Amino acid sequence: MPGLVVFRRRWSVGSDDLVVPGAILLIIHLICLMIVVVSLSILDYDTSLLDVKLLFYHQIGYLVILCRKCCLTAAACLYSVNVICCCFLSVSISIEIGICVISMRGSILDSEIRNPINIWIYIKTLILFIDVVWLILGTIWIASFYEESFKDKSKKIFVGIVISNWALVLVTFITVWCTFDAAGRSWVKMKKYQRSMRETESRLNYKRSNSVNRNWRQRKVMRAYQDSWDHRCRLLFCCIGSTERSRNSFTDIARLLSDFFRELDVVPSDVVAGLVLLRKFQRLEREAIVRQRKNGTYEFLSGVPITEHTQFLALNDPKSYDFFQTVIHYMYFAQGAYGWPMYLMINRSRMYHLLPELRSFGCCKSHSDEVEVIQDNCCYCNYAALKKTLQVGDVEILYVTYHVDVGETPFFVAIDYSQKKIVVSIRGTLSMKDILTDLNAESEVLPLDPPREDWLGHKGMVQAAIYIRNKLREENLVEKALNRNPDRNTHTFTLVLVGHSLGAGTASILAVLMKPDYPSLQCFSYSPPGGLLSMPVVEYSKSFITSVVLGKDVVPRIGLYQMEALRADLINAIQRSIDPKWKTISCSIICCGCGPEPTSVIEMSGKDTDINKYQEKKNSNVLNPQERDSARSTSAHPTDSSIALTIHQPLYPPGRIIHIVRHHPKPDEQKYDRGWRNMLKNREPVYQAIWADTTDFDEVLISPVMLQDHMPDKVLAALKKVILNAADDTASSVNSFSV
């Protein structure tokens with residue numbers, strides 16, 4: 001940070017990102033140099049033969065390229081290879097060492113100390129072109145003289161060197177292509193103009209207004225970056241085809257991403273380093289809160305502060321216990337909507353259980369069960385996996401569709417006789433088209449009658465909910481389910497909507513839309529997205545929507561507003577960084593995890609005053625986390641106050657939220673160690689369920705399990721463990737009472 005500027009263009013790589021590439025080049029070139037030197041020193045070359053003479057001079061020339069010398073040095077090599085090789089060795093490694101040393105200088109923001117690296121890059125580029133020319137000549141020799149050459153060992157060594165260096169050149173060009181910034185030239189021109197304007201202000205002693213209106217150079221850069229993001233989206237999602245709906249989605253997502261990163265001169269490695277630092281800062285912050293007993297916090301479980309006001313689910317109460325069992329029951333429906341991929345992930349060793357349910361071809365489908373299955377594969381693998389997953393009660397499936405498009409999500413309708421419910425289960429993210437629906441994350445007014453301007457929802461999921469509502473109406477699916485079996489009183493059953501991830505968000509919005517028509521409707525939303533509904537809708541939905549979040553799951557903490565807060569926190573963490581980027585990132589690697597912590601973390605860890613200052617920069621009033629300070633809520637650019645960053649309407653997870661948290665017992669907590677667990681000292685985490693507040697998920701918690709906690713099988717397993725732990729605690733209490 002900032003991006004490297006060479007060849008009059010900005011690149012998506014920093015001057016401190018060349019440590020690893022430089023080291024790799026150094027090692028490879030050193031190995032090649034040693035091989036060539038050994039080949040010239042040990043093997044006998046008869047230069048009277050044309051092919052051997054050309055091979056000999058080519059290897060001498062390659063030594064010259066490796067050693068970054070001019071062609072005149074090659075003649076000297078003919079007389080004294082051993083002497084020149086020693087000189088070549090020192091020169092060969094000079095450029096790579098120079099790039100590595102310069103790239104390792106300074107902190108992330110201290111880029112001026114690394115400015116000389118541009119000259120080394122220009123020299124490296126020149127040598128690369130010479131290397132390519134020499135490799136072409138080597139390839140010509142292989143094509144012309146390889147078969148007739150008598151030097152078997154020499155030519156094999158030579159072929160290996162040529163192939164490995166062609167591979168290295170290919171990797172180099174791919175790396176250059178990946179770091180190419182399409183708007184880099186316009187960026188450099190805009191920055192040059194901004195510097196000249198600041199110099200003019202300083203010289204004439206006047207100040208521009210903080211207007212968000214942008215000049216034509218800034219608008220040109222924004223258009224260039226929007227086009228760049230649009231091109232990336234089309235390239236990444238090329239397999240989904242080109243439709244008007246997908247093109248519109250690409251345009252919306254490109255505009256959203258270009259606005260989010262508006263004139264922030266950061267590169268991907270800066271984000272990685274910021275996430276590493278932010279995770280450590282968050283841990284120090286939580287430790288300080290517990291140590292100082294702020295707000296009565298005596299513990300953090302899965303990143304959530306536990307106080308005397310925290311409400312744990314009273315699973316010893318029969319009513320609460322039955323409700324929680326219902327939550328577990330409908331998680332099977334949410335999981336079953338994923339079809340055979342999720343079944344394969346969970347039941348790797350029991351896939352043969354699906355074989356009796358498969359159909360060899362679609363035309364051989366049996367209609368005895370009167371189930372309408374749309375756009376499944378030829379063997380009906382998804383439907384077979386769904387039936388196997390729903391063997392948790394008396395369930396009859398009526399309708400299943402696996403049709404998927406942008407804003408159109410697969411779902412199924414079933415009758416749950418055991419719970420006396422009509423269930424609509426919506427699938428989560430499983431395809432590239434689902435990802436496009438997820439990324440279309442701007443807010444949109446819910447299509448209610450009468451409309452309410454402050455009732456907003458995730459745009460992509462609003463579209464998916466409208467699609468499913470229209471499908472239910474067109475096919476008359478709910479009424480068909482209600483009239484399915486009058487002998488079993490299906491007409492008295494009530495409606496339940498369930499889903500996980502994207503399906504959870506879609507089900508929640510669909511529940512809000514269908515609530516006026518079905519007053520007794522319920523919705524169970526598992527791992528819903530954080531940027532889903534505005535606060536008025538959330539308050540309204542708490543009477544009929546129950547959400548479930550596991551641990552440090554990142555998805556319920558992600559929305560545009562939360563991502564903008566994360567952006568501010570990352571910039572704050574990077575600004576506090578003192579160490580070079582390579583050292584900061586290496587602290588998070590497993591093999592380097594035992595090394596020293598970053599200096600900024602060490603300095604903060606010993607002083608509560610520094611931690612308090614860090615907290616104050618995030619929250620103006622720690623007693624009220626809903627109030628943000630200027631660092632997280634302002635639209636000001638971190639280095640240029642004249643640049644306005646985006647600020648979106650806050651959106652939150654829906655309904656009442658059950659948060660499944662982990663408690664990791666400490667060695668002195670013997671109450672969790674019983675029987676064989678006490679013998680093996682294997683203190684597994686204890687899962688507990690608490691009622692969480694909507695605003696508890698405003699901050700993204702950086703953790704190794706932030707993605708793992710989102711998986712549906714992990715959510716289901718955690719829900720079951722809550723019941724098991726509650727049963728163990730009840731049994732322990734009974735035993736203690738008996739004693």
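Tutor: First, a term: helices (H or I, at least four residues) and strands (E, at least two) are DSSP runs, numbered from the N terminus. This is a predicted model, where local features need pLDDT of at least 70, side-chain atom pairs count only at pLDDT 80 or more, and totals for chains, interfaces and linings use all residues. Residues are numbered from 1 along each chain as its sequence is written, and side-chain values use heavy atoms, with hydrogens and water left out.

Student: Okay. Where is K420?

Tutor: K420 sits in the loop between β8 and β9. Its phi is positive, about 60 degrees, although K420 is not a glycine.

Student: Which residues does the cis peptide bond join?

Tutor: D449 and P450, with omega about 5 degrees. P450 is in the loop between β10 (443-445) and β11 (456-458).

Student: Switching to the sheet. What's the strand order?

Tutor: It is an open, mixed sheet of 10 strands: β5-β16-β15-β14-β13-β12-β9-β8-β7-β6. The edge strands, β5 (311-312) and β6 (372-374), each pair on one side only. Pairing here means DSSP finds at least two bridges between two strands.

Student: How many bridges join β15 to β16?

Tutor: Seven, between β15 (residues 656-663) and β16 (residues 686-692), and the two run antiparallel. I658 stands opposite W691 in β16.

Student: Which strands does helix α18 lie across?

Tutor: Helix α18 (residues 502-514) lies across β9 (421-426), β12 (494-500), β13 (522-526) and β14 (545-550). It runs at about 150 degrees to β12. Contact means heavy atoms within 4.5 Å. Axes are lines fitted to C-alpha atoms, for helices over the stretch in contact, and angles run from 0 to 180 degrees between N-to-C directions.

Student: Last one. Where is I136, and how exposed is it?

Tutor: I136 is in helix α6. I136 is partly exposed, with a relative accessible area of 41%.

Definitions and conventions: Buried < 20%, exposed > 50% of the residue type's maximum accessible area, 1.4 Å probe, protein only.
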